[in-house]
Amino acid sequence: MKADEAIANWSRPGATDFIHPSRGISEDAYWESGSRQAELLAQDIPAGVKVMDFGCGDGRVAIPLRALGYEVTAVDGSAGMVDALAANDPDLTAFQSDGTDFGSHLGRRKMDAVYCLAVLIHLDYASAEMLIRNLRAIVKKGGLLILDWPVADEPAEGVAWLDVTTWSEAQQEELAAELGLTRVDDQHVPWQVFRTT
């Protein structure tokens, strides 16, 4: 699915109900899952640094990560999601972006770490590759890019809203090498962690 189609789907009324499966259990379970993911991220990201959550949704992970002492900037392509985040934490720095216009929001400022969870899975290969390139461009040298970027023995490109796009390991390794991303061998998180060179 192209990025603009995914953003349109996440902008529909009620889309926040689909952000994470734990929301179907209870709101407490939903927010607890975000806190657990923030704690996992904190095991890799140095304390107190500048971090971007791209695809922040309503703040499920960004809010607890900020509570852990990080300087979090939350970004989402959907204005509705940014509004939902502001309702949950009006003091958290946030802006709307599809990932193509970071310069207009950040200027020349770069992040120590950027994480992007449950976004790439909804995009076609071309849209995901463009987003990864743009996210890489805003990470400081030696910083971290943490991606929910699933690999499969039989990769497939999702075509509908909640389909999951998967990549081959070779596709992932080729793009990472081209972008100067070195994989951090990290067994405790379910995402790919890369250091920029």
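**The whole chain**

Colour the chain by secondary structure: from the N terminus on, the elements run α-α-β-α-β-α-β-α-β-α-β-α-β-β. That comes to seven helices and seven strands. Helices (H or I, at least four residues) and strands (E, at least two) are DSSP runs, numbered from the N terminus.

This is a predicted model, in which local features need pLDDT of at least 70 and side-chain atom pairs count only at pLDDT 80 or more, while totals for chains, interfaces and linings use all residues. Residues are numbered from 1 along each chain as its sequence is written, and side-chain values use heavy atoms, with hydrogens and water left out.

Now show the surface. The protein exposes about 9,200 Å², and carbon and sulfur atoms supply 51% of this area. Accessible areas come from the Shrake-Rupley method with a 1.4 Å probe; for residues, only the protein chains shown count as cover. Of the 197 residues, 48% are buried. Buried means under 20% relative accessible area, exposed over 50%, and partly exposed in between (1.4 Å probe, protein chains only).

**The sheet**

Hide the helices and select the strands. In what order do the seven strands lie in the sheet? The order is β3-β2-β1-β4-β5-β7-β6, in an open sheet with mixed pairing. The edge strands are β3 (93–96) and β6, each of which pairs on one side only. From one strand to the next, the twist averages 20 degrees. Two strands pair if DSSP finds at least two bridges between them. Strands of a sheet pair through backbone hydrogen bonds, either parallel or antiparallel.

**Strand β4 and its partners**

Select residues 111–116, which are strand β4. Five of its six residues are buried, so β4 is largely enclosed by the rest of the structure. On to strand β1 (residues 50–54): β1 and β4 pair in the parallel sense over three bridges. Within this pair, Val51 has Ala113 of β4 as its bridge partner.

Next select strand β5 (residues 139–147), which runs parallel to β4 and is joined to β4 by five bridges. Here Val114 has Leu145 of β5 as its bridge partner. Show the helices again and follow the chain from β4 through α6 to β5: this β-α-β crossover is right-handed. With the strands pointing away from the viewer, right-handed means that the path from the first strand over the helix to the second runs clockwise.

Select β5 and β7, which pair in the antiparallel sense over four bridges. Leu144 stands opposite Arg195 in β7. Arg183 stands opposite Phe194 in β7.

**Helix α7**

Select residues 169–178, helix α7, where Gln172, Leu175 and Ala176 are buried. They lie on the same side of α7 because they cover an arc of only 100 degrees around the axis, the arc being that of the directions from the helix axis to the C-beta atoms. What covers the buried residues of α7 includes α6 (125–137), β6 (181–183) and β7 (192–196). The face turned away from the buried side carries the exposed residues Ala170, Glu174, Ala177 and Glu178.

Turn the view to see α7 lying across β6 and β7, at about 130 degrees to β6. Axes are lines fitted to C-alpha atoms, for helices over the stretch in contact (heavy atoms within 4.5 Å), and angles run from 0 to 180 degrees between N-to-C directions. For the last stop, select Gly180, which follows α7 and has a positive phi, near 70 degrees.
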